[in-house]
Amino acid sequence: MSVSENVMRIRENIERAAARSGGNGSDVILVAACKSNVKEKIREAISAGVDACGENRVQELIEKNAAGVYAGCPLHFIGHLQKNKVRQIVGVASLIQSADSAELIEMISKRALHLGICQDVLIEVNIGREAAKSGVDPRAAAELAAFAGTVDGVCVRGLMAIPPYSPGQTSELRCFQEMYNIFVDIKSKKYNNIRMDYLSMGMSADYEAAVSCGANMVRIGSAVFGARQ
Ligand SMILES: *Cc1c(COP(=O)(O)O)cnc(C)c1O
């Protein structure tokens with residue numbers, strides 16, 4: 001199947017999944033996870049109407065961006081952000097989905113203030129409490145979001161999570177549900193200067209489950225572009 005057919009099918013699946021939880025599929029932001037794909041395929045995804053392009057490696061994002069690959073489409077950074085790469089990403093990505101420590105948020109702030117912008121970020125939550133994964137501990141997510149609200153140049157727009165890989169299993173559904181609860185809880189606290197607009201969770205194998213649990217942003221790679229080499 002072509003990339004545009006894939007995008008169309010994903011939209012239909014999102015529509016169905018959103019309806020299951022009384023939501024609307026058109027409220028769900030589809031981020032194409034572009035890693036390792038060539039310009040032609042990414043342009044096809046953009047033409048097919050994905051809402052944003054996401055990259056998880058800084059170098060790849062910078063090179064492709066310089067080559068005009070994402071022209072006309074919002075660009076998100078979705079991978080782990082090393083502190084020494086912050087200056088390359090701030091102001092280039094419209095959304096950094098992986099802010100997960102006070103130190104990183106302060107570095108993003110410093111660069112954003114230098115550029116005279118406010119950098120939109122999501123707080124990444126390590127919902128599976130996995131030692132090897134990035135993200136803030138679920139119990140500390142609200143505190144980190146509140147902290148970010150006190151930092152100039154950083155605008156919190158929501159939360160992101162990558163649960164342990166177990167598509168279709170109860171453990172994963174529980175992670176999605178727990179994320180939704182954290183999202184709603186932080187929203188209800190009405191911290192100054194933070195917004196809870198986006199809950200980013202769900203990838204190729206599990207985006208329908210994520211959407212039915214309340215995700216309104218999904219990051220999808222292989223189901224858009226085909227399996228990675
Ligand atoms: C690659 C990637 C995705 C998408 O993965 P697929 O399983 O190919 O859909 C989502 N989020 C992040 C952070 C990624 O790096």
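A: Contact here means heavy atoms within 4.5 Å. Keep in mind that this is a predicted model.

Ala141, Ala142 and Ala145 of α6 touch Ile182, Ile186 and Lys189 of α7. Sorted by class, that contact holds 5 nonpolar residues, no polar ones and 1 charged one. As for geometry, α7 spans residues 170–189, and its axis comes within 10 Å of that of α6, crossing at roughly 40°. Angles under 35 degrees would count as roughly parallel, and α6 and α7 are therefore oblique to each other. Their crossing is right-handed.

Now go to the other partner of this helix, α5. Helix α5 covers residues 102–115 and α6 covers residues 141–149; their axes also come within 10 Å, with a crossing of roughly 20°. That makes α5 and α6 roughly parallel to each other, and the crossing of this pair is right-handed. On the α5 side the contact uses Ala102, Ile105 and Glu106, while α6 brings in Leu144, Phe147 and Ala148. By class you get 5 nonpolar residues, no polar ones and 1 charged one.

Next, have a look at α3, residues 58–66. Val58, Glu60, Leu61 and Lys64 are buried in this helix. Looking down the axis of α3, you'd see those buried residues fall within an arc of 165°, so they line one face of the helix. What do they pack against? The buried residues of α3 pack against α2 (39–47), β2 (52–55), β3 and α4 (86–89). Just past the end of α3, Gly68 takes a positive phi of about 75°.

Follow the chain on from there and you come to Pro74, which sits in the loop between α3 and β3 (75–77). Is Pro74 buried, partly exposed or exposed? With a relative accessible area of 38%, Pro74 is partly exposed. If you skip its neighbours within four places in sequence, Pro74 is in contact with Asp51, Ala52, Cys53 and Ser94. Pro74 also lies 9.9 Å from Ile46, C-alpha to C-alpha, with the two 28 residues apart in sequence.

Methods: Residues are numbered from 1 along each chain as its sequence is written. This is a predicted model: local features need pLDDT of at least 70, side-chain atom pairs count only at pLDDT 80 or more; totals for chains, interfaces and linings use all residues. Side-chain values use heavy atoms; hydrogens and water are left out. Axes are lines fitted to C-alpha atoms, for helices over the stretch in contact, and angles run from 0 to 180 degrees between N-to-C directions. Helices (H or I, at least four residues) and strands (E, at least two) are DSSP runs, numbered from the N terminus. Angles under 35 degrees count as roughly parallel, over 145 as roughly antiparallel, 65 to 115 as roughly perpendicular and the rest as oblique. A crossing is left-handed if the near helix is turned anticlockwise from the far one by less than a right angle, and right-handed if clockwise. Ala, Val, Leu, Ile, Met, Phe, Trp, Tyr, Cys and Pro count as nonpolar, Asp, Glu, Lys and Arg as charged, and the others, Gly among them, as polar. Buried means under 20% relative accessible area, exposed over 50%, partly exposed in between (1.4 Å probe, protein chains only). The arc is that of the directions from the helix axis to the C-beta atoms.
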